[in-house]
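Thank you all for coming; I would like to walk you through one structure this morning, going slowly for those who have not seen it before. Please have a look at it first, and then we will start with the place where the chains meet.

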Amino acid sequence: MSEEVYDVIIVGGGPAGLTAAIYTARHNLNTLVLEGRKIGGKATEAHWVENYPGFPEGISGQDLMENIIQHALRFGAEIRNETVVGLSDFGELKMVTTRMGFYQAKSVVVATGVSRKSLSVPGENEYKGRGVSYCGVCDGPFFRDKTVAIVGGGHEAVHDIGVLSEAAAKVYAIPGKKGYSDDFPELARIKEDPKVELIIGADVKEIGGSDFVEYVALEGAGPKRLSLDGVFIILEHVPTSSILGEAGVSTDAGGCIVVDGDMETNIKGVFAAGDCTCEGMQIVTAAGMGAKAALSAMKHVKSLG
Amino acid sequence: MVRLELFFSPVCPYCPSARKLVSAVAERYPRVEFVEVNTYTEEGIERGMSMRVMAVPTVAVDGEIKLVGWPFEEKDLVSLIESSP
């Protein structure tokens, strides 16, 4: 175990975590960011971000997050590519366990974000890379002049309908029995697109074919089977807060971390920010929450003397 | 000679990691001809579609798809190269 006691350990290297790191490191708090996957988080997957303030022409998610990473490093934040597997509360000291070892800190900011949800239907795993995809902009070009389905009712799914309809010959939009989660402005244009057919009131129950995807089977209203070449699964995400059980951090029924107005959880000195709280779910709101959590963490560390 | 092709796209979030790994491994084997195929070019997408590539990143060895998606392990890539005639 490292003997060093950090002022703040930030679990998660996405917009919330890195913004928190900018704030705490800039105020000379000894700051460690731990990120097990890609540093920069899910935001790096955004092809083009048009709604982050300060970039009127837009910016790629990759470039935006690279800027934010450099910003945190500039103020002396330490960033390590380690997967956090546990969090323990020992009163004034918190212990964060990774696959590489243990770290101690006076405060912790949990900014673990969300992870992609799978459809969990027969055929989904078998046809990954052979017609099943989770990224419209990445794999869409391979479905030029072909027939595809976009499964999902969130904004990302709606966005990908627009992306796929440029290349594909036909797009089935399948939001699921719950429908689209909001009245997205893009939906009006999509409904006018002759290439797009909305399948309302049905869920995918199976993905099938031979060597490659050839059909999806549906249950609910409308057709029972659609012949197609690709299925893009773009589902709403769930928060990745599985490390919290040991420390006793409270989450709601959906697994979202519960915080007060100061971004503090039910454990004193443990804060949470960003998508793992299920609030906002935007890069800018995650950054804002990261800053707020950092300010609260700084106040907490100061109170310890 | 072993032809190692890595299909990638400039907007794929996992492709930078795949490109870094594959190019580092390929460099260790003089008999490997390493080709990066950008699927956001006409030539690249045609090459991919002719081989039934459907996702990025994809690794093909001598024209056969071997690894699809990310992550994949360095040891799997090394095994593919070393077992190729």
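Predicted model: local features only at pLDDT ≥ 70, side-chain atom pairs only at ≥ 80, totals over all residues.

Between chain A and chain B about 1600 Å² is buried, and carbon and sulfur atoms give 66% of that area; buried area here is the accessible area, taken with a 1.4 Å probe, that two parts lose on being put together, summed over both. Of the area that chain A buries against chain B, 38% is supplied by Phe142(A), Arg144(A) and Phe212(A), more than any other three residues.

Residues are numbered from 1 along each chain as its sequence is written, chains are lettered from A and ligands numbered from 1 in the order in which they are written, and side-chain values use heavy atoms, with hydrogens and water left out.

Counting contacts, meaning heavy atoms within 4.5 Å, 17 residues of chain A meet 18 residues of chain B. Which side chains form the salt bridge? They are those of Arg144(A) and Glu42(B), at 3.0 Å from N to O, where the term asks for a side-chain nitrogen of Lys or Arg within 4 Å of a carboxyl oxygen of Asp or Glu.

Away from that, Lys94(A) is buried, with a relative accessible area of 1%, buried being under 20% with a 1.4 Å probe and protein chains only. A polar atom of the Lys94(A) side chain lies 2.6 Å from the backbone oxygen of Gly91(A).

Technical notes. Buried < 20%, exposed > 50% of the residue type's maximum accessible area, 1.4 Å probe, protein only. Polar contact = N/O pair within 3.5 Å; in protein donor to acceptor, adjacent residues only side chain to side chain.
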